[in-house]
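Please look first at the sequence and the structure, and then I shall take you through one part of it.

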Amino acid sequence: MKLWSLHNESQMMYAVAYGDTLQDAIERTCREINENNRSEYTAPENWDGEEFNENKYGGVILFT
């Protein structure tokens, strides 16, 4: 599995999620948010992201 840095394109929402692919990480994130009422409903098509590793952003993700 890989670690993904995700952002929602229609809401101010960010996430870090594990997944084999970007789509897998997005689906895991949406499932966690929607099934456990973590925030407003969110749909997979509103998310994008990129793989996060020690070479990206100096190994730090900041949420603002």
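In helix H1, the buried residues are Asp 24, Ala 25, Ile 26, Thr 29, Cys 30 and Ile 33; buried means under 20% relative accessible area, with exposed over 50% and partly exposed in between, for a 1.4 Å probe and protein chains only. Helices (H or I, at least four residues) and strands (E, at least two) are DSSP runs, numbered from the N terminus. The model is a predicted one, in which local features need pLDDT of at least 70 and side-chain atom pairs count only at pLDDT 80 or more, while totals for chains, interfaces and linings use all residues. Residues are numbered from 1 along each chain as its sequence is written, and side-chain values use heavy atoms, leaving out hydrogens and water.

What covers these buried residues of H1? The cover includes E1, E2 and strand E3 (47-52).

Let us turn to one residue of this helix. Thr 29 lies in H1 and has a relative accessible area of 8%, so Thr 29 counts as buried. Leaving aside neighbours within four places in sequence, Thr 29 is in contact (heavy atoms within 4.5 Å) with Leu 6, Ala 15, Ala 17 and Trp 47.
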